[in-house]
Amino acid sequence: MNLTCTIQPGKRGCMGTSRFFLRGILLLGLLASGASLLARAASPQATNNQAALVRQSSITFVGTVSQVAASALAAVPKSPQTIVVRVDSVLKKPAAVSLKKGDTITVEVKDPAAFPEGMQATFYTEGWIFGSGVAVKELGHSAPPSGGAAETAEKPVEQAPSGISDQDLQRLLATCDYVVIGRVTDVHPWTVPKSASPRYRTSEHSANWQEAVLQVQSVLKGPKVKKNKNKVVVRFPLSRDVAWVSAPKFEPGQQGIFILQKDVSGTSVGGYKADVYTCLKPGDWLPMTEEPRVRLLLKNR
Amino acid sequence: MRALPGYPTRALALTVLVVTAGTVFGRGQSPTAVRAGVAAPAHAKVVDLIPASLSGEINQDSEPFLAVQVANPQVMVASAFTPNPISGTGNAPVYVSEDAGNTWVLNAITPVQRMTCDITHAMSIGENHPRGDLHAGTLACAASITLDESESDDVSSSAVMRVQSSRTNVDQPFVRALAFSNVDHIYIGLNDLGQSSGRTATVDVSLDGGASYKSYSIESRKTMGQDGPSVRPAVAPDNTVYAAFFGWRKFNGSMATSDVVVVRDDTGATGSHPFQALKDPSDKLPGRLVVKRVSIPWSNAPTLGQERIGSTLSIAVDPNNSSTVYVGWADRGSKGDIYTLHVRRSTDRGLTWSKSDLPHTTISNATNIALAVANNGTAGFLFQQLSGGRWVTHVVQSRDAFATIQDTIHATVPADRPLGQFLPYLGDYDYLLAVGNEFRGVFCANNTPDRANFPQGVTYQRAADFNTRTLTDGSGNPVAISIDPFYFSIPVMP
């Protein structure tokens with residue numbers, strides 16, 4: 001990986017590569033436009049902090065402070081902590097958010113003294129209030145690119161990934177019981193046993209539970225399986241209700257990475273007692289192209 | 001980014017009203033209903049809640065709700081199935097207005113991660129917070145469905161709402177609140193599926209601003225194992241509290257045989273055995289049976305257009321005469337109707353009810369009923385009807401138990417677009433409130449910026465070009481249509 005792959009107009013990252021590499025490229029690209037232009041003597045620690053900021057930030061932009069102790073959004077009362085910034089260049093934002101060069105944005109900063117009027121900086125922020133404009137909270141900032149606004153104005157906007165972020169995936173991996181690569185061999189409705197029926201009464205949020213039989217091919221986290229007992233059962237909701245629409249749905253033959261939670265009950269598959277897991281959250285199933293990222297995050301946790 | 005002004009075509013609106021009234025009430029109803037329709041009032045307001053800075057969003061922002069700060073009705077909170085716009089792990093947001101609904105911002109303060117899967121709320125003034133107290137009932141849907149009963153003292157702050165009570169296996173929390181002696185009394189109707197008796201219709205009551213809650217089952221009869229999802233309280237300033245629910249007696253997976261039951265408490269549920277003031281003469285048990293054993297279709301799939309059906313219910317009490325109470329619901333219609341609305345009224349504190357539907361309130365192929373009663377006794381009736389391939393949102397008002405009515409259409413939008421992302425398509429409910437001399441409410445609809453779709457006019461905060469009927473992302477790029485929440489207000493009939 002090298003900095004020559006920095007995002008440039010007409011070359012929107014290395015789109016043919018995996019998201020893993022794209023993220024790395026984006027990260028380094030942002031570092032090139034922001035972090036590497038920070039204090040001239042950027043230590044490894046500073047670089048690490050910068051990388052963390054890039055990951056955490058949902059809205060990243062280069063801007064010039066136009067007012068201190070002020071707010072450009074009626075819903076955000078001005079305070080010593082709020083400043084108004086003119087956007088010179090947007091580096092990263094979710095697709096739904098309208099933010100472009102020339103807009104004003106209200107920023108709640110950590111240290112107001114660090115932001116005199118006229119100062120330009122790269123702002124790493126999280127969204128706060130969305131109205132006629134945007135108010136954000138500063139996660140961190142760095143010195144502006146050396147070329148100033150004229151240079152940054154040409155930067156293309158990188159949309160925050162619509163899929164699961166590294167942070168969210170890290171959290172899923174940390175809290176799950178089992179991570180496996182496998183293939184679905186069968187899907188059938190789960191008949192709720194009478195003893196459990198009070199937990200599954202009728203509501204518009206009823207899950208329409210299904211069971212997918214999963215042939216485990218390799219285990220990335222959790223107990224290993226024996227060769228002749230390599231099947232587990234994964235329960236998932238088929239319902240299109242708002243509660244479950246984002247939960248993974250499975251079909252026979254589907255392969256991928258399954259991030260699973262242990263269910264209290266067991267079941268029988270092929271004559272032996274098989275473990276039962278649930279797969280409920282967006283990101284609990286990932287395509288095989290995500291394997292390098294999952295392995296890396298598991299290794300680094 | 002542009003905010004388009006309202007579309008002042010009152011003459012057209014009047015024409016649409018009269019014509020549409022013919023369509024609406026012509027379905028199996030007396031033609032006299034058409035003559036009963038009168039012109040739309042001036043100054044109706046409709047506002048798309050999506051802020052300009054989220055012009056690029058394409059979510060299905062369905063199932064709206066609304067709360068108004070009684071002491072300062074400029075302040076309102078609305079909600080919908082709107083996800084946190086920037087993070088899968090951030091808090092689910094609410095919409096906040098501080099200018100009586102003209103503009104709205106999105107503020108991520110609910111205790112639920114990313115997006116609620118049910119949310120209702122009410123603002124009361126017992127604790128004298130000028131931009132609170134917002135009391136919310138939210139469902140978080142992850143491995144299990146969890147109810148949070150929570151509070152905010154200031155809905156414009158970034159502080160996440162304080163969770164005051166929490167439990168799992170609960171459905172459709174529905175919040176009402178009213179201040180008594182400087183303390184907020186909160187009543188949350190819900191279907192407590194954890195009730196082992198099967199008598200699941202429940203009201204959670206807090207008499208101390210949410211610091212503590214007590215849970216009361218309000219079903220006194222045998223059920224098929226549970227009651228229907230909707231449990232709706234209504235509170236009058238004289239401490240009278242009503243609640244309506246569906247007492248499910250049979251259920252085969254696609255049809256419920258249900259009573260529509262109303263309970264009452266005369267002391268704000270402060271006694272040890274609340275909600276037992278109203279007994280049915282047939283069995284002397286608490287809970288008046290307004291209608292018995294009606295058939296209610298249950299379909300958790302697109303059935304009424306792209307909408308599911310199964311549990312729409314509303315109750316409203318006259319704030320100045322708690323003896324007068326209205327209840328409305330939907331059940332299986334006759335003559336091929338999929339889902340038919342009904343409204344009944346009691347003028348003796350729920351002891352007796354109109355024997356049949358009030359005039360002009362039997363509405364075929366409709367859902368999302370919401371009732372409210374204004375200070376002058378005018379009843380408001382919000383519903384959404386599938387008619388001629390369109391979802392038509394009506395607000396009907398009447399001073400005489402719907403013998404004569406004023407019907408105002410706030411939206412008439414194509415029902416086949418956009419394609420549903422999940423269920424519910426528009427919502428399992430919408431909401432109507434009486435505030436001074438206005439009815440205020442929320443509904444969801446296709447957000448195509450087409451003036452013909454909004455006969456009372458409409459204001460979009462998000463970027464929209466009404467000439468080309470396209471949405472844009474604020475930078476000129478087109479954005480697909482989706483379901484948006486809309487706020488409306490309309491003067492109460494004098």
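In the predicted model, chain B contains an open sheet of 4 strands, arranged in the order 20-21-22-23 with antiparallel pairing. The edges of this sheet are formed by strand 20 (313–318) and strand 23 (363–364) of chain B, each of which pairs on one side only. Strands of a sheet are held to one another through backbone hydrogen bonds, and the pairing may be either parallel or antiparallel. Between strand 20 and strand 21 (residues 321–331) of chain B, the antiparallel pairing extends over 6 bridges, and within strand 21 of chain B it is Tyr326(B) that stands opposite Ala316(B).

Chain A, which has 301 residues, of which 40% count as buried, comprises 5 helices and 12 strands. When contacts in chain A between residues at least 6 apart in sequence are considered, 67% of them join residues at least 24 apart.

The two chains also touch each other, and this contact involves 40 residues from chain A and 47 residues from chain B. On the side of chain B that touches chain A, the element that gives the most is strand 5 (residues 105–107) of chain B, with 3 residues. By class, that side of chain B consists of 21 nonpolar, 20 polar and 6 charged residues.

Strand pairing is also found between the chains, where strand 4 (residues 120–130) of chain A pairs with strand 5 of chain B in the antiparallel sense over 2 bridges. Within this pairing, Ile129(A) has Asn107(B), in strand 5 of chain B, as its bridge partner.

How values were computed: Residues are numbered from 1 along each chain as its sequence is written. Chains are lettered from A and ligands numbered from 1 in the order in which they are written. This is a predicted model: local features need pLDDT of at least 70, side-chain atom pairs count only at pLDDT 80 or more; totals for chains, interfaces and linings use all residues. A residue is buried if 20 or more other C-beta atoms lie within 10 Å of its own, exposed if 12 or fewer, and partly exposed in between; C-beta atoms are placed from the backbone. Two residues are in contact if their C-beta atoms, placed from the backbone, lie within 7 Å. Ala, Val, Leu, Ile, Met, Phe, Trp, Tyr, Cys and Pro count as nonpolar, Asp, Glu, Lys and Arg as charged, and the others, Gly among them, as polar. Two strands pair if DSSP finds at least two bridges between them.
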